[in-house]
Each structure stands twice: as C-alpha cells, then as structure tokens.
Amino acid sequence: MIRFIVRRLLQMVGVVVILSLLVFAWLKALPGGTVSALLGERATPERRAALEKALGLDQPIYVQYWEFVKRAVRGEFGASTGVQPGTDAFDVFLTRFPATIELAVCALVLAIVLGIPLGYLAARRRASLFDNTSIVFSLIGIAVPVFFLAFLLKYWFAVKLQWLPVSGRQDPGIDATRVTGFFVLDGLLTREFDASWDALKHLILPSLALATIPFAVIFRITRASVLEVLDEDYVRTAESKGLTNRIIRGRHVLRNALLPVVTTIGLQTGGLLVGAVLTERVFSWGGLGDALAIAFQRRDYAVLQVCILMAAVTYVVINLLVDIAYAVIDPRVRTR
Amino acid sequence: MTDTLSTSQQHRNDDTPLLSVRDLRVTFHRSGEEPFVAVDGVSFDLRPGDTLGIVGESGSGKSVTSLAIMGLLPKRGVRVEGEVLYNGTNLLTLSPDQMRDRRGAELGMIFQDPLSSLNPVVPIGVQVTEVLERHRGMSRKAATPLAREMLDRVGIPDPDRRLKDYPHQLSGGMRQRALIAMALAAAPRVLIADEPTTALDVTIQAQILAVLKDLVEDTGTAMIMITHDLGVVAGLVDRVNVMYAGRVVEAAERHPLFADPRHPYTWGLLQSIPRLDGARGERLNPIPGSVSDNLPWTSACAFAPRCSQPIEVCTQRTPELVEDHGRSLRCFNPIQHGRPSPDADTTRGTSEVTR
C-alpha cells in the first residue's frame, strides 16, 4: 500500500512539472509577450529592454523556465495587477482559497450523500415511477447551466421567499473571529455558533447550485453500476448463503458498485472548479472563482498563474486521494 | 442444537425424504413473447445422505430446477408452481425472510464459475465467516477458527494465510474449494452443486469431485449434483435424473442407468463421452441437432427430432413417465439391452445424423 502511494506521488510530480511547462509556455505566448503585457504597447524600446533585463527575459529559455520554477516553488508570482492591485498574488490566492474549498467540499458532499443512495434506490426499483422521475431530474440537473440554476435558486429562495441570504459568505453584521478561513469551521472552533450557523445558511444555495451536475453524474453512474453488480454471480452466491439484506447490500452490492463511482467523483472535482467560477460570480462568494473571473477580465497574469497552477495541484491531489480510496476498496488495485 | 438434530434424525424413518420436489413447474414470462416453460412437472425425492445427479444439456432446465429449490429465481416474470417440501415444509410458500433463514443454513449451493461467484473485494475468510455470523449468531472473531477449519477440510493449504487472501489471489481449483467451504460452513443438510467442475481443468475436476464426495460422506449432507457430463456423476451419485427440455426423461440408480440406458437421449449422452479404450481414430458420436430443435411436450416427445430411433407415435402423443423396477422412463421406443431397437425407423435416424 505504501509503495502504491509513493508510486502515485511520483506520478503526481510528473503531472505538476508538465503543467508548469504549459503555464510557462502560455506566459511566453501572451500577445506581444510579457513586457507588452506589463508596459503596454506604446512603451519605449529602452524601457522594454530594461524590463526585459530586470525580468531575466534576455536569458536562454531554459534558464527562464528554471527561474520561473524556483519562484513558483517559493510562491513568488509577483503582485496582483487587477484583482487586488498591489497585493502579492500568492496572498490573494491564500485568502480566497478557503472560501472556494468550503463551497466545493460542501457541494461535493451534497452530491455524494444524495447521489449514491438515490442511485442505489433507483437501481433497486428499476423502471418504477421513482426510477423514471429520478432519471428525468438528473437529466435536467446536467442540462441546466449552473449559473442559470444559481440565478433561479437565488431569485426563489433568497429574493422571493427570503428564507436564505442573497449573497456573500457571512452577514456583515456578524463580527466573527477568523482562524482557518473556513467560516463554518471557524465558528465551531471559537464557539461562535451563530456565526457558524449564519455561514452555513450562506452556503446552502451556492452549494446546491454547484452540486447539481456532480449529483446528477454520481446518481447515474451509481444507478448503472448497481444494476450491473446486481446481476453478478457473487451477489447470487451471497443470496444463496442466506445473508441479511443489509450485508448483501453493503458488503456485496454497494462495495463493488462504488468502484466506478469513486472514479467519477475524482473526475467531477475538475468540473467543480469550473462551476465554482460561475456560482461564485452569482453569489458574490469572494473565492477563487471570483478572482479568476476578474483576473481574466483585467489580465491579472500573476493571479492567473497562481490560480491555474494551484488548481492543477489541487486536482492532482484529489485524484491521488481518489486513487487511494480506490485501492482501499479494491484489493486488485493494491497488489497490481 | 446438534443434539436435537441428531435425535430427530434418529426418530425419523430413514425412508422419509429430506427434500421432496413435487411436480415442479417454472414458467418464464417475457413481455411480447410466449411464456416459456423451463421446468415442466419435475418430481424427485432426496433422503438424508442421498446423492442425486441431474443430467442434461444446456437449456434442459436443470439449473432452473436448482435455483427454484433455493428460491433464487427472480421474482418478476417467473412463475414457480408445484411443491418443494423440505422436512415437510413447502419452501415455495415461505416468505422471503423465512427462506433466507434456510438458505445457507439448511440448503447450501455451489456454482459453476468459481471466480465470478466470489466477491472480488472481500477476503475469503470474511466470505466464509459471514455464513456463520448469520446462521450461528457468532461474532467474526469466534467464527474465524471455524472458517479456518473449513478451508482446511476442503483441502486449501495454509488456511491461515488464505483467510486474508482475496479471490484473485487463488487458483481456480482453490476458489471452487473456497466456495464449497462457504456453502458447507453452516452444515446444511442439502447441498446443491450446479456444474461445480465445468470451469475447471480436468485434473482439478477430479480433485474437487473427490473433496465433495468425502465431505458429503463425512457430514451426511444430501447432495444434488447438476451437470451436463455423465462422466462427472459416474463415480459420485446414487441416482441419476436425466432431463430433456424441462422434463425428466429417465431416472434410475446409477449402475442400471450406466449399464443399461433405456432412453435414446441417455444412450446418446453415454455414447458421446470420449473413451480411452476406444479404437484409434474412432469418431465421437454426438447427439445430432440441438435443444432448439425440440417439439412441444404437449403434443409429442420433445426429443423425437434428434432421436436415433423415433417411431410414428413419438411425434403424435406425449410419452408419460412410467416407473418400472425403480427406473422411470419417458419413451415409446426405448433402447433394448444397450442396442437401438430393431423396430426403429432407422432411415429417419440416419438422415438426422448425416444432415
């Protein structure tokens, strides 16, 4: 098992190196190059040359890449130019990262705790009214654009019914102490439970909007996978042993059926980051999705670099966790 | 528990069947298709310690018979009629939960493909102990030594290590042994073995059959051995039911059946076994045609189109199962003294073969 994890970690390093090359190449390919991007098109040749020297752009390309890697490892991407001008880009990332993670984790948990049981039930009651309705709803979940659903939810539950807050992560009237940047967790740690509760209420609508696509995908994969496993010979063997339904469902059906679902969950986290951009905009969430949208608009290359690289690292880490989960469930992967 | 069992066994007259299948009929209903009768009025008895072989080609209804006895047929689209009396209780009228209490505890089953029949993500040990946990109310910890003993009894070497192994780490023969250990863990009184050696190498087949034979003799478990291979039942069972297209066509004690097969289908099955003492270059004698060439039992003998010696009546009336001197036979023109009957309309039989 340890050898398995070490091997996967090494693969991870490879992935990150390739991604850093891509980001580096992208910076090189910026219209007019980095210097034009920073100084504008009308800068004098002298100023351009000075900046090129200052940035090391007169060096050979592999030296430039090596410098880029060294800076990236130290978290030095320069100052933000558009999102929070003047602030260090990596600090911008750090202050916003917990907001996005809180939202994404909440959405993913929601998608999993709803998607797996409902998918299982739909498979057990195949072709029933429940099964057919769930399939229609999951199709709608995939088909409706995230931002549109976000608007609908916001309009209905926040504006019309006024059950839940319209936007943001915390009511401005609450003066909560910050520990980790995860607002719900902070409230629990500092025993400011009203702050936690308020943060949780703010989380509901955005995470619902963000959860729809992963939910629909997890639901459908679980359903298909359970249907397949129910036909397996080993389920019949389990039945022939007279085992209780609880054991047959948990140990023999679900455990096998979850293998493809775990893979799907890993893949969905990528989509979650994309969805976060749209959802965070609608709910003024103040996370990375927000920052990314603004950075694109205002060509804040420092923040873009950090976000892209860190998104890639996060994605790779999550996939490592998924692989480990897979190995825990499936012994055949472990010994391979 | 064991005390009361053994005394009740002593009280019981040895001729009382442990399992008595009466007029079992299984019909599959698929929407848009004619109902298909897979098992059509099958009856047999199994006394404690008996071993019964059910022999027939694929599609003869032998596996469906065993699944019907175990209550493992899907609920939807399947109609099961008749009686399956176990110790006097009709299993077909039991609730799913009552049946669940008996499966694994009173009736055990082993299946054809040992790899796909084992859960790939659960250790072998757990797959054995879960039977004991369920039916003996034991804890996992208390059941583990017993599971180890079971693995040892079915001839799995190094059982302590194998308890923790997963199915993919075992060879085919070991997997089938593990399945046997699971099926027999809670000491059921009836064991149904559905083609237990079909997926295995010939050398392994013999080992598995030996293990089954020993266990059945040691524990007094009654066994139903389902197979398409008369060679498999030859050294193992007391009695053989030969099935064709959902009905029993011949049933007899093993020795008379092998020495003097009366039904042309039984005869054909015996002829199609390759023989080591046969002349070099001798051709095998398969039964011509396939199960799909059947006539409906309701108006004829289903086997008539493939029969080596059909007579006119075979395609006009349904032959009844007639019992005579412990042998049941469903045939208008049986084989006499191991040779096809001289009155047979042999031209038809030959034309079938050369077709």
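pLDDT is the predictor's confidence in each residue, from 0 to 100. Chain B averages a pLDDT of 85, and 88% of its residues score at least 70. Residues 1-13 of chain B fall below 50, and this stretch has 1 contact beyond near neighbours in sequence; two residues are in contact if their C-beta atoms, placed from the backbone, lie within 7 Å. Residues 344-355 of chain B also stay under 50, with 17 contacts beyond four places in sequence. Where pLDDT is low, the predicted coordinates should not be read in detail.

This is a predicted model: local features need pLDDT of at least 70, side-chain atom pairs count only at 80 or more, and totals for chains, interfaces and linings use all residues. Residues are numbered from 1 along each chain as its sequence is written, while chains are lettered from A and ligands numbered from 1 in the order written. For the complex, the predictor gives an ipTM of 0.84 and a pTM of 0.80.

Next, the interior. A nonpolar core is a set of buried Ala, Val, Leu, Ile, Met, Phe, Trp, Tyr and Cys residues joined through C-beta atoms within 7 Å. Buried means that 20 or more other C-beta atoms lie within 10 Å of a residue's own, with C-beta atoms placed from the backbone. The largest core has 91 residues; Ala181(B), Ala185(B) and Ile192(B) touch the most other members. Leaving aside neighbours within four places in sequence, Ile192(B) contacts Ser66(B), Ile69(B), Met70(B), Leu107(B), Met109(B), Ile224(B) and Ile226(B). A second, separate core holds 61 residues, including Leu205(A) and Val261(A).

Conventions
Buried ≥ 20, exposed ≤ 12 C-beta atoms within 10 Å, placed from the backbone.
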